[in-house]
Amino acid sequence: RLILSLRPFPPPSTRALENDLRSMTPAECLVKYNFRVRESTIVQKNYYFHLRRVLRQRQVLYQENLIKWKKMNETHKVLLYKALWKQEDLDMKLIQQEELENEKQQQELQEQQLKEQLLLQQQQKEAEELEQIQPPKIESVPNLTRQRDQCCFIRVVNASISVPCISKAVPFSSYCYHHILNDPKQKFYAQCQHENTTFGLKCTSPVPVWEKPILCPYHNQSYQEQRKQQKLQKQKQQQ
C-alpha cells in the first residue's frame with residue numbers, strides 16, 4: 001500500500017503495454033524502461049527511509065516505556081514490601097493477642113481447679129466431722145398416750161426427753177406417712193433409692209412400691225431432667 005501510494009501514476013494494463021510496444025521503436029522502449037527503473041529506485045529509497053523513521057520512533061517509545069515500567073516496578077515493589085510489613089505486624093499482633101488469651105484461660109482454669117480442690121477438701125472435712133459426731137439415737141417406742149388415729153412413733157432425744165408424733169396414721173397401719181418405714185409389717189412403701197455420693201447419705205422419705213423408679217418426687221424430677229439431657233445429647237451425636 002505504501003509503495004502504491006508513492007507512485008506518481010497507476011500501473012498500466014497489459015493491453016495498453018502491448019499497444020505501446022507495437023507503436024514504439026527499440027530505443028524508445030529502452031528509454032521508457034530506464035525511466036521505470038529510476039522511478040522504482042526512488043520509491044524503494046523513500047520506503048526505506050520511511051521504515052527507518054518508524055523504527056526510530058518505535059525505539060524512542062520503547063525506551064520511554066522501559067523507563068516508565070522500571071519506575072512502576074520500583075513503586076510496586078515498595079508498595080508490596082509495605083503491605084507485607086503491615087501483614088507481618090498484624091500477624092504478630094494477632095499472635096500476641098492469642099497468647100494473652102491463652103494465658104488468661106490457663107490462669108482461669110488453674111483458679112477453677114484450685115477452687116474445686118478447696119471445695120473437695122472442705123467437703124471431706126465436713127464429712128469427717130459428721131462421721132465423728134455421733135447423732136442422737138432415735139428409737140421407736142409405742143405411744144401409750146396416743147389417740148385412736150395418731151401415729152405411734154416417739155422420738156427419744158435423751159433419757160428424760162421424748163417427743164411423740166402428732167400426725168395422723170396411715171390406714172391399716174399405726175404409723176403416719178413419714179414414719180411408715182418403721183412399721184415392719186407394712187409392704188406398700190419402700191425407702192427412696194437416691195444416695196448422696198459425697199457424704200454417703202441416703203434419702204429417708206417413703207415411696208410407694210408400685211412406682212418405678214423408686215424415688216421421691218424431688219429426686220424423681222431431677223432424674224427425669226437428667227434423662228432428657230441424655231436423650232438430647234444422643235440426638236445431637238446422631239445428627
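This is a short exchange about the terms used for a predicted model.

Trainee: What makes up the chain, in helices and strands?
Mentor: Four helices and six strands. Along the sequence the pattern reads α-α-α-β-β-β-β-β-β-α.

Trainee: How many of the residues count as buried?
Mentor: Of the 239 residues, 12%. The accessible surface of the chain is about 22,200 Å², and carbon and sulfur atoms hold 55% of that.

Trainee: Why is the pair Tyr177 and Tyr189 called edge-to-face?
Mentor: Start with the centres. They are 5.8 Å apart, and rings pair if their centres lie within 6.5 Å. Then take the planes. They stand at 85 degrees, and over 60 counts as edge-to-face. So the pair is edge-to-face. The structure holds three aromatic pairs.

Trainee: What does the pair of Tyr177 and Tyr189 tie together?
Mentor: Tyr177 lies in the loop between strand S2 (162–164) and strand S3 (189–191), and Tyr189 lies in strand S3. The pair therefore ties together parts that are twelve residues apart in sequence.

Trainee: Why is Tyr177 called partly exposed?
Mentor: Its relative accessibility is 36%. Buried needs under 20%, exposed needs over 50%. Tyr177 falls in between, so it counts as partly exposed.

Trainee: And Pro217, buried or exposed?
Mentor: Exposed, because its relative accessibility is 69% and the cut-off is over 50%. Pro217 sits in helix H4 (residues 217–238). Its C-alpha atom is 9.7 Å from that of Cys192, 25 residues apart along the chain.

Trainee: How do you know that Cys165 is in no disulfide?
Mentor: The nearest cysteine sulfur belongs to Cys176, 3.9 Å away. A disulfide needs the two sulfur atoms within 2.5 Å. The search of the whole structure finds zero disulfides.

Trainee: What about Cys192, and which cysteine sulfur is nearest?
Mentor: That of Cys216, at 3.9 Å. With the cut-off at 2.5 Å, Cys192 is in no disulfide either.

Trainee: Why are Cys165 and Cys192 called buried?
Mentor: Cys165 has a relative accessible area of 12%. Cys192 has 3%. Buried means under 20%, so both cysteines count as buried.

Trainee: Which residues make up the largest nonpolar core?
Mentor: There are eight, among them Cys165, Cys176, Phe153 and Val170. Members must be buried and joined through side-chain atoms within 4.5 Å. A second, separate core has six residues, including Cys192, Val207, Leu215 and Cys216.

Terms used: Residues numbered from 1 in each chain as written. Predicted model: local features only at pLDDT ≥ 70, side-chain atom pairs only at ≥ 80, totals over all residues. Heavy atoms only, no water. Helix = DSSP H or I, 4+ residues; strand = E, 2+ residues; numbered from the N terminus. Buried < 20%, exposed > 50% of the residue type's maximum accessible area, 1.4 Å probe, protein only. Areas by Shrake-Rupley, 256 points an atom, 1.4 Å probe, with all protein chains shown as cover. Phe/Tyr/Trp six-rings, centres within 6.5 Å; stacked < 30°, edge-to-face > 60°.
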